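Trainee: Can you walk me through this one? I would like the overall picture and then some details.

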Amino acid sequence: MKIRFNIWITGLAIIFLFSGCVTKKRKNETSKFGKFYHNTTSYYNGYWNATELLRLNMITMRQANIDDFNQILEVEDFTNLPNPKMVEAEMNKAIEKVIIVSNVHEPSDWVDDCYVLMAKAQYFKQDYETTETTLKYFQEVFNPKNPYGRNYFKSPYNKKKLKKIKEKEKKEVKAEKEKVKKEKEEDKKEIAKSKEKERKDRAKQKERERKQKAKDREKARKDKAKSIVTEKPVVTEKSTEKPLKSVTPNTPDNQEEIVEKPKEKKPEEDKTAYNEGLLWLAKTYIKRQNYYTAELILNKLRTNPQLPKKIGKEIPATFASLYIKQNKYQAALEELEKAQKNTKDNELKARYAFITGQLYEKEGRYAEAYKNFKIANKKSKNNNMLLMASMALLKNEFRIGKKPKNEIIASLEKMANEVKYVEQKHIIYFTMAQMELENQQLEQAITYFQLSLQNNTADPKLKTDAYFIIATEFYNKEMFYKSKLFYDSTLLVMNKNDVRFSEVDKRAKNLVDIAKNLEILAHQDTLFLLSELTGDEQKKAIQQYAKSREKKLANKESNSKPASMNLKPSLDISKSKDLLATSSFFAYNRDSKEKGEQDFRKKWGRSIQLQDNWRLSSKAREVINNQDEVRNQAITEKESEREYEDSPEYKNLLKEIPQNPVQKKEVQEKIINTMFALGKLYRNVIEKYKKSNDMLENMHTRFGPTQHELESYYHLVLNYRDLNQADKAEEYVNKLVRKYPESTYAKILSDPKYLVSVKEEAGKIDKFYEDTYKYFNSGNYKITIERIQSLKQQFGEENKYSAKIALLQAMCIGNTEGKEAYIKALNDVVIAFPNTQEQLKAREILRFLTGDAEAFSTVNEEESMKLYTFDETKPHFVAIVTYGLNEMQFVDVKISISEFNKNYFKTEKLQMTDAMLNRTDNSQLVVIKKFANASEAMKYYKKVNQLKPEFIKGNVQYEVLPISQQNYLKMLGQYSSKAYFYFFEKHYSKIE
């Protein structure tokens with residue numbers, strides 16, 4: 001019996017499940033049991049498991065998170081991962097689970113939650129582009145205010161509407177049933193009526209027949225009886241119906257109607273996932289630097305009365321992140337205070353307090369910073385946070401005058417020697433270095449930076465910061481040679497995604513020629529100085545200098561090693577040899593000095609030391625005992641010196657030292673050329689006008705008139721004008737005009753009309769070109785080509801119209817020799833005249849000739865600049881735009897590009913995809929991704945231009961466009977690369 005009962009129950013359950021999955025009440029409506037089945041299955045089989053995966057991986061990410069405490073911390077404590085792909089596999093599993101839910105259990109109420117969870121998983125993978133796409137779709141489909149959206153009737157706003165709609169539907173169904181019932185009743189009545197009519201007709205017929213028979217009988221009877229029959233009177237009955245009385249309701253006449261006011265209800269929370277999705281969309285926009293849209297969404301959430309409390313608590317922290325990214329620190333501080341109150345998580349509270357302290361430090365409000373660092377130190381249990389909060393407290397104690405610097409440094413040194421801080425020792429030394437820098441103690445700071453680097457085995461970010469800070473300090477102090485070394489070292493350890501990378505790279509490149517010339521100047525100055533030394537003094541100086549040069553060469557050969565932290569000069573030689581050569585003071589006269597030393601040594605010996613007489617007797621015994629040791633040491637030193645004199649570096653240096661007046665003159669010329677080059681570089685490359693003046697004026701002081709005097713005077717005039725020192729500028733104008741009156745510089749400075757006359761002379765070529773262009777416009781291509789040749793002969797191959805003439809000649813060829821010759825001539829223009837309007841025009845014509853119908857469409861340059869945004873630090877793609885290719889030709893292009901990447905970019909592991917830009921003109925894209933920034937993408941671009949025949953083989957017209965991810969999406973939306981091409985030409989031509 002029990003077995004039968006179980007079988008019966010199982011069968012019934014299967015029937016119900018089947019009916020729940022398949023049977024519908026009506027179209028697009030799932031049964032209640034079906035809804036229950038889908039909700040239960042989607043939650044426990046998909047959503048719950050995916051949520052668990054996210055929760056566990058969030059713990060992993062927080063533990064792996066590496067914060068950069070030298071920058072303002074990220075508000076989120078799980079994004080600074082050593083490798084973002086560490087959670088990729090688990091996140092993909094979570095995404096797979098929720099995709100199954102959204103596809104298989106589509107009627108479920110958990111589908112919107114699944115989309116939010118999918119976006120969170122993509123966010124954790126740091127795939128912000130895909131996250132944005134997912135949440136934009138979610139925003140549209142699950143918007144409760146969208147009547148066609150899935151959450152429209154889940155919103156508290158629309159529940160009454162839903163109730164009314166359902167009531168209306170019920171009334172309509174009821175009315176329909178009533179109508180059908182009424183129609184059936186009317187049909188029945190009609191049938192009954194027709195039957196009744198038939199019956200009555202039959203009855204009437206029978207009655208007529210009966211009456212006729214009766215009449216006939218009566219007639220027969222009358223005829224028979226022949227008697228008179230009298231009729232009795234008929235009495236009619238009166239109606240006895242009584243009139244109906246009207247019934248009135250029994251209500252009192254004077255009773256007042258009482259109307260109660262409805263109580264105000266608190267708005268019901270929106271229990272859908274829509275608000276959570278919006279919050280994560282705002283976070284994604286912040287990551288993608290779309291700050292305006294992020295702020296709109298957050299303000300919308302904050303003013304939503306139905307916002308769930310859980311989401312509301314996260315909004316201040318998200319606002320704080322937004323404001324910090326925009327450097328709106330005061331607004332961020334207000335939000336962080338709210339965030340601290342909202343959270344019950346002590347670690348998050350400590351984090352928000354620490355960030356608040358950092359922002360107060362930025363604004364110089366050290367007392368408030370101290371209070372917040374104290375909160376962070378109290379609430380946190382994270383070792384790094386505790387250490388950094390403790391050191392921040394010490395620094396701010398000094399700033400607010402609570403403790404002296406020496407006491408704080410002593411406390412930090414004590415911490416550095418404790419065993420529990422052995423892994424954080426490099427952080428402690430780094431903090432000590434920062435404190436010394438604040439007190440303008442650069443040498444002591446460098447000592448602590450050196451200790452930090454020595455103890456840093458697993459923190460490349462802090463290592464980067466140490467090199468960067470030193471490099472920047474030297475740069476600010478105009479110690480450019482040392483600055484260049486440390487910028488190079490910074491680049492070796494810096495991550496290419498670091499926001500400072502482009503700045504460091506630019507400065508390092510700007511300082512290349514300056515550092516090179518400074519090294520040349522120091523070397524030539526030293527050679528000249530060494531040439532004036534004699535005997536043992538010269539040997540020792542040469543050995544010392546040779547050893548220092550060997551160390552430098554060793555550092556240059558091992559490019560993988562950062563610059564040495566030993567910043568002390570290896571050879572202490574006087575700054576200017578002229579002091580020795582020109583001073584009347586006897587001690588600065590080299591010959592007098594050497595003669596005095598020789599006379600002294602002849603009389604008193606080499607090893608004698610000046611000392612008081614009473615000390616001689618007390619040291620006599622010690623000197624005798626150590627005499628053998630000193631002698632042995634001297635012999636060893638002599639032997640090592642003799643060995644070093646045989647070294648290649650020593651011998652090479654001896655060859656370089658000038659030995660006669662002619663060689664000294666050559667060294668002097670090198671010094672002059674180098675000083676002049678540095679003077680120009682300081683002005684033109686890094687805009688250090690005072691430094692430029694110092695170098696050029698020093699050149700004049702040391703060497704008098706030189707071959708660079710004219711140009712150096714002109715640069716001095718420009719420098720002093722930029723420094724707003726009109727008197728000094730006028731002084732050099734007068735010198736230049738007086739000494740070089742016929743020079744172009746003198747004419748420019750003294751005669752404002754000179755440039756006008758130069759322009760008039762240039763007008764001759766203008767007139768010739770205009771006349772030539774008129775012949776072209778009138779269709780006289782043969783005469784145009786002849787005039788082009790004449791123009792080249794009169795004004796030279798290189799002139800102001802070279803690019804225009806080349807394009808004009810190409811168009812003449814196109815009109816006379818055909819398409820193939822036209823394409824070849826246009827390609828020559830593209831190659832010969834990069835970054836010119838003529839190159840742009842030639843490319844447009846080439847695109848048109850190869851199938852781009854919109855090649856000549858006009859583009860508003862201002863709109864182009866508004867449409868696209870330039871940020872060279874963002875990740876970039878390289879888009880190759882092709883025109884008019886059939887399927888096989890496009891495949892050949894992709895194969896060619898793939899081979900090119902294997903040959904020249906194998907280690908970069910580039911990926912390649914394709915896309916359709918515009919079906920109308922068959923313009924297609926091959927997209928190479930991903931490059932860390934614009935500079936890396938431009939390296940690829942330049943390599944392609946160098947090796948065009950290898951890049952895409954065959955006669956294919958294409959454009960290569962480095963483009964940021966954000967601009968790439970915008971270009972796809974425009975269905976054209978035209979506007980972006982103008983943007984690219986304007987912004988990317990200067991990137992090296």
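Mentor: Start with contacts, meaning heavy atoms within 4.5 Å. Among those between residues at least 6 apart in sequence, 65% join residues at least 24 apart.

Trainee: What kind of model is this, and how are residues numbered?

Mentor: This is a predicted model, where local features need pLDDT of at least 70, side-chain atom pairs count only at pLDDT 80 or more, and totals for chains, interfaces and linings use all residues. Residues are numbered from 1 along each chain as its sequence is written, and side-chain values use heavy atoms, with hydrogens and water left out.

Trainee: How many helices and strands are there?

Mentor: The protein has 41 helices and 6 strands. These are DSSP runs numbered from the N terminus, helices being H or I with at least four residues and strands E with at least two.

Trainee: And what share of the residues is buried?

Mentor: Of the 992 residues, 39% are buried. Buried is under 20% relative accessible area, exposed is over 50%, and partly exposed is in between, with a 1.4 Å probe and protein chains only.

Trainee: Switching to β6, why is it described as largely enclosed?

Mentor: Strand β6 (residues 958-964) is largely enclosed by the rest of the structure because 7 of its 7 residues are buried. Tyr958, Val960, Pro962 and Ser964 point one way, while Glu959, Leu961 and Ile963 point the other way. In a regular strand the side chains alternate between the two faces of the sheet.

Trainee: Which strand pairs with β6?

Mentor: Strand β3 (residues 876-883) runs antiparallel to β6, joined by 7 bridges. Pairing requires at least two bridges found by DSSP. Threonine 882 is opposite tyrosine 958 of β6.

Trainee: OK, helices. Is leucine 117 buried or exposed?

Mentor: Leucine 117 is buried, at 5% relative accessibility. Leucine 117 sits in helix α4 (residues 111-124).

Trainee: What does leucine 117 touch?

Mentor: Leaving aside residues up to four places away in sequence, leucine 117 touches Tyr47, Ala50, Thr51, Leu54, Ala94 and Val98. Its C-alpha is also 9.9 Å from that of tryptophan 280, 163 residues apart in sequence.

Trainee: Where is tryptophan 48?

Mentor: Tryptophan 48 is in helix α2 (residues 32-64). Tryptophan 48 is partly exposed, with a relative accessible area of 40%.
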